[in-house]
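Me: I would like to learn how to read the features of a structural model with some care. Could you take me through one?

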Amino acid sequence: MADIFNEMMLRYNIKTKEEKQNATHEVMQQVCLAGLQRAGFFEKAAFYGGTCLRIFHGLNRFSEDMDFSLMQNDIDFNLENYFEAIEKEFSSVGRNISIDKKIKKQYTHIESAFLKDNTDIVNIKFQTEPSVKIKIEVDKLPPLKFKTEYKLLLLPYSFMTRCFTLPGLFAGKMHALLFRKWKNRIKGRDWYDFEWYVRNNIPLDFNHFKERATQSEGAEYGNLSHPEFYKILKQKISNTKIENVKADVYPFIINPKELDIWSTDYFLQIADMVKIE
C-alpha cells in the first residue's frame, strides 16, 4: 500500500500550489478516518462539520478541520489513545506524520490535536511551502439529540465512518453561523454551506439545533420557536458584511463565480427557504 497516498492524490486535477495543498489536506483527512476506524473510534464518536459534508456529500469546497462528537458525554475520553493507530495508517500508505496535542491555557471540553505531514516538508526543495497540517477536534461533552448514519469510503481501503445525518449536520452549521465566537472575523465557509443545504432541500434538525444553542447561549433557547429562529437568522444576515463573507471563502472553492450573486438580499431570500424538521 506504500503508493496509495500518491494514487489518491492523482484523483485530483491539481494545477496550482493552492490546489495541491487542498488536495493533500483532503487525502490526509481520509487516511486519518481510516486509522480511527481501525481503532474502533466510531463505536464512540461521529463525524460532523464541513469536512464531513465535503468528503461524504460532495460539497464543492475544500475544508480544513475535522470535527467529531462523542455519542455520549465522557469527560475522561482521551484522544491520545488513537494516535498510534493514526500514525500506523499513514505509515501504511507511505507517509510519516507527527501528532502534537494542543495544550489549552483554559479548560474546555474540546479535545484537540494537530496532524502534521513531515514527508512533504522533506520533499520540498528549500522548504518553500509551509507544512501541511490538519486539526482534529473531539467534543467530549456534546449537545445530544442528533442522529447518525454510516457512510462508505473506498480509499485507502473500504471502510465505514459514522456520520451525523444531513439534517443534524445542517443544525451544527446553522449554530456555527449564528453563534460562532470569532470577534471581528467572519467564516465565509459557514455561509457557503448554509446555501448548499438550502439548495439541496435538506431540512434543519431543529431539536438538535436547540440543544446546541442551549449549551452555548443559555437555557432560554430550549423553548425557541420557529418564528424566533427565522428572526435571529435574518438579523444575522442583515448585520453581516457579505463582501467579508466572500473574501473568506474564495480560497476554498473551485468556481469563484458561484459567489457573484451573493448579497444581503440573496441570503435573506435563502433564509425564507429553510425547511425545519
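Predicted model: local features only at pLDDT ≥ 70, side-chain atom pairs only at ≥ 80, totals over all residues.

Me: How many helices and strands does the protein have?

Reply: The protein has eleven helices and seven strands, where helices (H or I, at least four residues) and strands (E, at least two) are DSSP runs numbered from the N terminus. Of its 277 residues, 51% count as buried; buried means under 20% relative accessible area, exposed over 50%, and partly exposed in between, with a 1.4 Å probe and protein chains only. Among contacts with a separation of 6 or more, residues 24 or more positions apart account for 69%, a contact being heavy atoms within 4.5 Å.

Me: How do the axes of H2 and H4 cross?

Reply: Two packed helices are described by the angle between their axes and the distance between the axes. Axes are lines fitted to C-alpha atoms, for helices over the stretch in contact, and angles run from 0 to 180 degrees between N-to-C directions. Here the axes of helix H2 (residues 17–38) and helix H4 (residues 83–92) come within 8 Å and cross at roughly 125 degrees. That makes H2 oblique to H4, since angles under 35 degrees count as roughly parallel, over 145 as roughly antiparallel, 65 to 115 as roughly perpendicular and the rest as oblique. The crossing of H2 and H4 is right-handed; a crossing is left-handed if the near helix is turned anticlockwise from the far one by less than a right angle, and right-handed if clockwise.

Me: Which residues make the contact of H2 with H4?

Reply: H2 contributes Met28, Val31, Cys32, Ala34, Gly35, Leu36 and Arg38, and H4 contributes Ala85, Ile86, Glu89 and Phe90. By class, the contact has eight nonpolar, one polar and two charged residues; Ala, Val, Leu, Ile, Met, Phe, Trp, Tyr, Cys and Pro count as nonpolar, Asp, Glu, Lys and Arg as charged, and the others, Gly among them, as polar.

Me: Is Glu89 buried or exposed?

Reply: Glu89, found in helix H4, counts as buried because its relative accessibility is 3%. Leaving aside residues up to four places away in sequence, Glu89 touches Val31, Ala34, Gly35, Arg38, Pro156 and Tyr157. Of these, Pro156 lies in the loop between strand E6 (148–153) and E7, and the peptide bond from Leu155 to Pro156 is cis, with omega near 5 degrees.

Me: What is the handedness of the crossing of H6 and H9?

Reply: The crossing of H6 and H9 is left-handed. The axes of helix H6 (residues 166–179) and H9 come within 10 Å and cross at roughly 55 degrees, and these two helices are therefore oblique to each other. Met174, Leu177 and Leu178 of H6 make the contact with Phe229, Ile232, Leu233 and Lys236 of H9, which by class gives six nonpolar, no polar and one charged residues.

Me: Where do the buried residues of H11 fall, seen down its axis?

Reply: An α-helix has 3.6 residues a turn, so residues three or four places apart point the same way. In helix H11 (residues 264–272), Tyr266, Phe267, Ile270 and Ala271 are buried. Seen down the axis of H11, they fall within an arc of 140 degrees, so they line one face of the helix; the arc is that of the directions from the helix axis to the C-beta atoms. These buried residues pack against helix H7 (188–199), helix H9 (226–238) and helix H10 (242–249).

Me: Which residues of H10 are buried?

Reply: In H10 they are Ile242, Val245, Lys246, Asp248 and Val249. Their arc, seen down the axis of H10, is 165 degrees, so they line one face of the helix. What covers them includes H7 and H11.

Me: What is the phi of Lys145?

Reply: Lys145 has a positive phi of about 60 degrees although it is not a glycine. Lys145 lies in the loop between strand E5 (132–139) and E6, and at 54% relative accessibility it counts as exposed.

Definitions and conventions:
Residues numbered from 1 in each chain as written. Heavy atoms only, no water.
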